[in-house]
Amino acid sequence: ALDVASMGAADFIDLYGHGLLDVMRRQCPVVHDPDDPAQEFPLPEISQPLFKIQRHAVMALVKLLGGPNASKRMRRGMRAGLDGEMGTGKTRMGAMVARLCGAKRVLVMCPTHLLTTWPEEIMVVDPNAKVMVLDDVADVDRFFADKYDGMIFGIISKETAKLGHKWADISSKETAKMVWS
């Protein structure tokens with residue numbers, strides 16, 4: 001008999017895998033089955049269409065956020081995460097989820113080298129969206145004061161966001177409320 005201290009990952013999965021899977025199924029139920037066409041809903045046409053797996057990831061994320069017809073009120077406080085390898089289309093999928101959820105203001109934090117990629121990907125998903133790169137506190141103020149009726153993306157590099165106390169308000173509860181308003 002193996003004791004837990006001497007088990008490798010494969011031994012652990014062999015011994016406890018079924019129990020872990022049962023717990024996962026209870027605590028994290030499947031929200032979207034890509035093999036069930038009845039669970040799909042239409043996505044807007046875009047100039048560079050999403051791949052099938054990307055479409056299904058978008059549908060799953062939208063469902064995690066209350067579904068395609070959820071109101072802003074129903075979505076309040078909900079969160080969903082998207083993780084993937086470089087080059088899998090996370091940027092485009094994230095922009096599509098924001099569009100499908102009816103977001104008006106979307107704050108994006110990304111590595112500096114992606115500051116030019118994000119605007120390009122957003123324009124593929126919504127050519128009418130407004131994109132603002134936030135380089136300083138005045139840019140953040142302009143982002144939240146902008147009266148544009150469509151979707152506005154504020155893009156800030158994670159390096160810029162770490163610049164100290166002048167940026168403190170960007171993570172406040174008030175700012176979070178403004179992003180979803």
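This is a predicted model: local features need pLDDT of at least 70, side-chain atom pairs count only at pLDDT 80 or more; totals for chains, interfaces and linings use all residues.
1. Glu121 touches Thr91 and Arg92, leaving out residues up to four places away in sequence; contact here means heavy atoms within 4.5 Å. Glu121 is found in helix H5, and helices (H or I, at least four residues) and strands (E, at least two) are DSSP runs numbered from the N terminus. The residue counts as buried, because its relative accessible area is 18%; the classes are buried under 20% relative accessible area, exposed over 50%, and partly exposed in between (1.4 Å probe, protein chains only).

2. Residues are numbered from 1 along each chain as its sequence is written, and side-chain values use heavy atoms, with hydrogens and water left out.

3. Of its 181 residues, 35% are buried. Among contacts between residues at least 6 apart in sequence, 60% join residues at least 24 apart. The accessible surface of the chain comes to about 11,900 Å², and carbon and sulfur atoms account for 57% of that surface; areas come from the Shrake-Rupley method with a 1.4 Å probe, and for residues only the protein chains shown count as cover.

4. Val106 has Phe153 as its bridge partner in E3. Strand E2 (residues 130-133) is joined to E3 by four bridges, also in parallel. Within this pairing, Lys130 stands opposite Ile152, and Val133 has Ile155 as its bridge partner. From E2 the chain crosses through helix H6 (residues 137-145) to E3, and this β-α-β crossover is right-handed, in that the path from the first strand over the helix to the second runs clockwise with the strands pointing away from the viewer.

5. The cover of E3 deserves mention: six of its six residues are buried. On one side lie Ile152, Gly154 and Ile156, and on the other Phe153, Ile155 and Ser157, so that both faces of the strand are covered.

6. Phe153 has its place in strand E3. This residue is buried, because its relative accessible area is 1%. Leaving aside neighbours within four places in sequence, Phe153 is in contact with Ala95, Ala98, Val106, Val108, Trp118, Ile122, Ala129, Lys130, Val131, Met132 and Phe143.

7. The largest nonpolar core has 29 residues, of which Val58 and Phe153 touch the most other members. A nonpolar core is a set of buried Ala, Val, Leu, Ile, Met, Phe, Trp, Tyr and Cys residues joined through side-chain atoms within 4.5 Å. At least two residues of this core come from each of helix H2 (52-64), helix H4 (90-100), strand E1 (105-110), helix H5 (117-125) and strand E3 (152-157). H4 supplies the largest share, six residues. A second, separate core of eight residues includes Leu134, Ile152, Ile156 and Ala161. In soluble globular proteins, nonpolar side chains tend to be buried together.

8. Helix H2 has 13 residues and reaches 18 Å from its first C-alpha to its last, close to the 18 Å expected at 1.5 Å a residue; the expected span is 1.5 Å times one less than the number of residues. Its buried residues are Gln54, His56, Val58, Met59, Ala60, Leu61 and Val62. The buried residues of H2 pack against helix H3 (72-75) and H4. Just after H2, Gly66 takes a positive phi of about 105°.

9. Lys72 has its place in helix H3. At 49% relative accessibility, Lys72 counts as partly exposed. Lys72 and Ala103 are 31 residues apart in sequence, and their C-alpha atoms are 8.5 Å apart in space.

Methods. Two strands pair if DSSP finds at least two bridges between them.
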